[in-house]
Amino acid sequence: MGRGVSEVLGEALLLVIVVLLTSVFASGLANLMPNLKDHPRADFLLRLNGNNFTIIHTAGDPLPIWGTKVTIYNGSSLVTLNVSKSDANGNGYWDIGERLNVSTKYGRRVVISIVVDTWVVCRLHT
């Protein structure tokens, strides 16, 4: 084999090693990235109904009642509510179309957060 062929094979081998190491690094890095599919996604509508706010689940994933809480912050205090009353069909999930009534006794200018485990699914401002 001539000198030129030897150098070309060496460069090709070096290129293969670089591509291989880059792919191994990229796949390892991808495993460290958070998986966004693990977190529920949902949309809600907030309506003022006399002396209540009505929170309506309008789209997205059903939220498990046992892991979901609604927090209300009025600027000075934080209140956590049980969402079991939102389960109209009794299946253990807050499904699309189901509602939760919240009293306005906490104030009419509040921030309502819907939290599943530690993930904030939605934040509503009045």
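Q: How many bridges join E1 to strand E2, and in which direction do the two run?
A: Strands of a sheet pair through backbone hydrogen bonds, either parallel or antiparallel. In this predicted model, E1 and strand E2 (residues 52-60) run antiparallel and are joined by eight bridges.

Q: What do E1 and E2 form, and how many residues lie between them?
A: E1 and E2 form a hairpin, with two residues between them. In the turn, Gly50 has a positive phi of about 65°.

Q: What is the order of the strands in the open sheet of four strands?
A: The order is E5-E4-E8-E9, and the pairing is antiparallel.

Q: Which strands stand at the edges of this sheet?
A: Strand E5 (78-82) and strand E9 (119-125) do. Each has a single partner strand, so one side of each is left without a neighbour in the sheet. On average, neighbouring strands of this sheet are turned by 25° against each other, direction ignored.

Q: How many bridges join strand E8 to E9?
A: Strand E8 (residues 111-116) is joined to E9 by six bridges, and the two run antiparallel. Among the paired residues is Val115, whose bridge partner in E9 is Val120.

Q: How many aromatic pairs does a search of the whole structure find?
A: A pair of aromatic rings is described by the distance of the centres and the angle of the planes. The search of the whole structure finds two aromatic pairs. In one of them, Phe44 and Trp94 are 5.0 Å apart centre to centre, with 55° between the planes, and the pair is tilted. Phe44 is in strand E1 (residues 42-49) and Trp94 in strand E6 (residues 93-94), so the pair links distant parts of the chain, 50 residues apart.

Q: Are Phe44 and Trp94 buried or exposed?
A: Buried means under 20% relative accessible area. Phe44 has 10%, so Phe44 is buried. Trp94 has 0% relative accessibility, so Trp94 counts as buried.

Q: What kind of aromatic pair do Trp66 and Tyr93 form?
A: Trp66 and Tyr93 form an edge-to-face pair, with 5.3 Å centre to centre and 75° between the planes. Trp66 lies in the loop between strand E3 (63-64) and strand E4 (68-73), and Tyr93 lies in strand E6, so the pair ties together parts that are 27 residues apart in sequence. Trp66 counts as exposed at 65% relative accessibility, while Tyr93 counts as partly exposed at 31%.

Terms used:
Residues are numbered from 1 along each chain as its sequence is written. This is a predicted model: local features need pLDDT of at least 70, side-chain atom pairs count only at pLDDT 80 or more; totals for chains, interfaces and linings use all residues. Side-chain values use heavy atoms; hydrogens and water are left out. Rings of Phe, Tyr and Trp (its six-membered ring) pair if their centres lie within 6.5 Å; planes under 30 degrees apart count as stacked, over 60 as edge-to-face and the rest as tilted. Buried means under 20% relative accessible area, exposed over 50%, partly exposed in between (1.4 Å probe, protein chains only). Two strands pair if DSSP finds at least two bridges between them. Axes are lines fitted to C-alpha atoms, for helices over the stretch in contact, and angles run from 0 to 180 degrees between N-to-C directions.
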